[in-house]
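Please look through the sequence and the structure shown here before reading on. The paragraphs after them take one group of features at a time.

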Amino acid sequence: PPAVILENDDGNINGLEFVDGIEPSLLILLAEYLNFTFSYNKSNQQNMWAGMIRMVIDKTADISIGDNYMYSGITGYTFSNPYKFNYEGFILPRPKPYAKWTALIHPFSLTTWVATVLSLMFTITFLRFLAKWTIKRSITSNFCYVIGNFLGVPQPEQLNSLTFRLFLAFWLLSAATIIPAVYRSGFISYVTSPPSPRAIETIRDLSEQSSLRIATIMGDFFLQNSTVPCEVKLAKKMLKTNITQMMYLIGTGSWAAESSLDHLQYFTAKYYPPSARNNNLRFYILKELFYPTRSCMILQKDSPLKSSIDRGLQLLM
């Protein structure tokens, strides 16, 4: 779907009784324009694409319709003009928001946390160094004083030395005031609306995602001959399946899927549309698309139908 929709009265693809979609509608228009009748033959091959092509080559069928330009390097049949251009892509489950308890650490990145801890250690050590030359204070009292100011807790004992005052004034303005303010605001926003991990946007990122398997109807056809390391790695994660099983696997939220862009857009619009309560879709389509495809009809070699079908397609397009 939406190129071809196969259904019966129960809405199950098994026991086919009804054919609908863009390409069957196109075939009906061509039949009306060129004044011919047709019937569908279902391939019995496990590899349905190879079965469709084989039926044309063996002359048990006159036409095969679909993303057939992928076979342009194989002889034995004739192409019609393309009637649709498309891409292949991936659909992925949208990242789930972080748990609310992670708001304790998420306001700062790892780099900021490391810098903050180092700042505290430096301040405590330097304050202890100053205390040796002015007022005698233990390392424990220095630690409590610095941490207390950092957390915004009032201190029962104040410093009287001018050296201490100047140092603490600088440190409190630069760190103990700014960092806690930023942390508190970040903490409140994260608890109010928990953020999600960064979404995967490229094929390379997808290949590095170890938690996702990939379902595909076509198998690893598009990536099996690639020499790009990330694509080779991605091809090994693909599991060939049928459309019914693929939709089930996507619905679990732990699988991605590879298919034509039209099919992926149809899938998200029909089965997981945004609602009035929630405008965020459960799934999204990877930004990086690949393998531009051209849909056409495959005819028997040197078929006399080619010129008529090409003329009909040009008028209909």
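Asp205 is partly exposed, with a relative accessible area of 25%, and in this predicted model its side chain meets that of Arg198 in a salt bridge, with 3.7 Å from N to O. Arg198 is exposed, its relative accessible area being 63%.

A second salt bridge brings together the side chains of Lys287 and Glu201, with 3.8 Å from N to O. Because Lys287 lies in the loop between strand 9 and strand 10 (290-300), while Glu201 belongs to the loop between helix 6 (178-192) and helix 7 (203-208), this pair ties together parts that are 86 residues apart in sequence. Lys287 counts as exposed, at 66% relative accessibility, whereas Glu201 is partly exposed, with a relative accessible area of 34%.

Glu208 and Lys233 form another salt bridge, and here the closest N and O atoms are 3.2 Å apart. This pair, too, links distant parts of the chain, since Glu208 is in helix 7 and Lys233 in helix 8 (residues 229-236), 25 residues apart. Glu208 is exposed, with a relative accessible area of 52%, and Lys233 is partly exposed, with 38%.

Which residues of strand 8 are buried, and what follows from that? Six of the six residues of strand 8 are buried, so this strand is largely enclosed by the rest of the structure. One of its partners is strand 5, which pairs with strand 8 in the antiparallel sense over four bridges, and in strand 8 it is Ala257 that stands opposite Ile91. Another partner is strand 6, which runs parallel to strand 8 and is joined to it by four bridges; Ile214 stands opposite Ala256 of strand 8.

Asn86, whose place is in strand 5, is buried, with a relative accessible area of 5%. Leaving aside its neighbours within four places in sequence, Asn86 is in contact with Ser260, Leu261, Asp262, Tyr291, Pro292 and Thr293. Leu239, by contrast, has its place in strand 7 (residues 238-240) and is partly exposed, with a relative accessible area of 33%. Although Leu239 and Ile214 are 25 residues apart in sequence, their C-alpha atoms are 6.1 Å apart in space. When residues up to four places away in sequence are not counted, Leu239 touches Arg213, Ile214, Ala215, Thr216 and Trp255.

The buried residues of helix 9 (residues 243-251) are Met246, Met247, Leu249 and Ile250. Because they cover an arc of only 160° around the axis, they are on the same side of helix 9. Against what do these buried residues of helix 9 pack? They pack against strand 5 (84-93), strand 6 (213-216), strand 8 (255-260), helix 10 (261-271) and strand 9 (283-285). Just after helix 9, Gly253 takes a positive phi of about 85°.

Some other points of the backbone also deserve attention. Most residues other than glycine have a negative phi, and most peptide bonds are trans. Asn35, in the loop between helix 1 and helix 2 (48-57), is a residue other than glycine with a positive phi, near 60°, and it counts as exposed at 70% relative accessibility. Lys59, in the loop between helix 2 and strand 3 (63-66), likewise has a positive phi, near 65°, and is exposed, with a relative accessible area of 62%. A cis peptide bond, with omega about 0°, joins Pro1 and Pro2, and Pro2 has its place in the segment before strand 1 (5-7).

It remains to consider the confidence of the prediction. The chain averages a pLDDT of 77, and 71% of the residues score at least 70. Where pLDDT is low, the predicted coordinates should not be read in detail.

Methods
Residues are numbered from 1 along each chain as its sequence is written. This is a predicted model: local features need pLDDT of at least 70, side-chain atom pairs count only at pLDDT 80 or more; totals for chains, interfaces and linings use all residues. Side-chain values use heavy atoms; hydrogens and water are left out. Buried means under 20% relative accessible area, exposed over 50%, partly exposed in between (1.4 Å probe, protein chains only). Helices (H or I, at least four residues) and strands (E, at least two) are DSSP runs, numbered from the N terminus. The arc is that of the directions from the helix axis to the C-beta atoms. Contact means heavy atoms within 4.5 Å. A salt bridge is a side-chain nitrogen of Lys or Arg within 4 Å of a carboxyl oxygen of Asp or Glu. pLDDT is the predictor's confidence in each residue, from 0 to 100. Two strands pair if DSSP finds at least two bridges between them.
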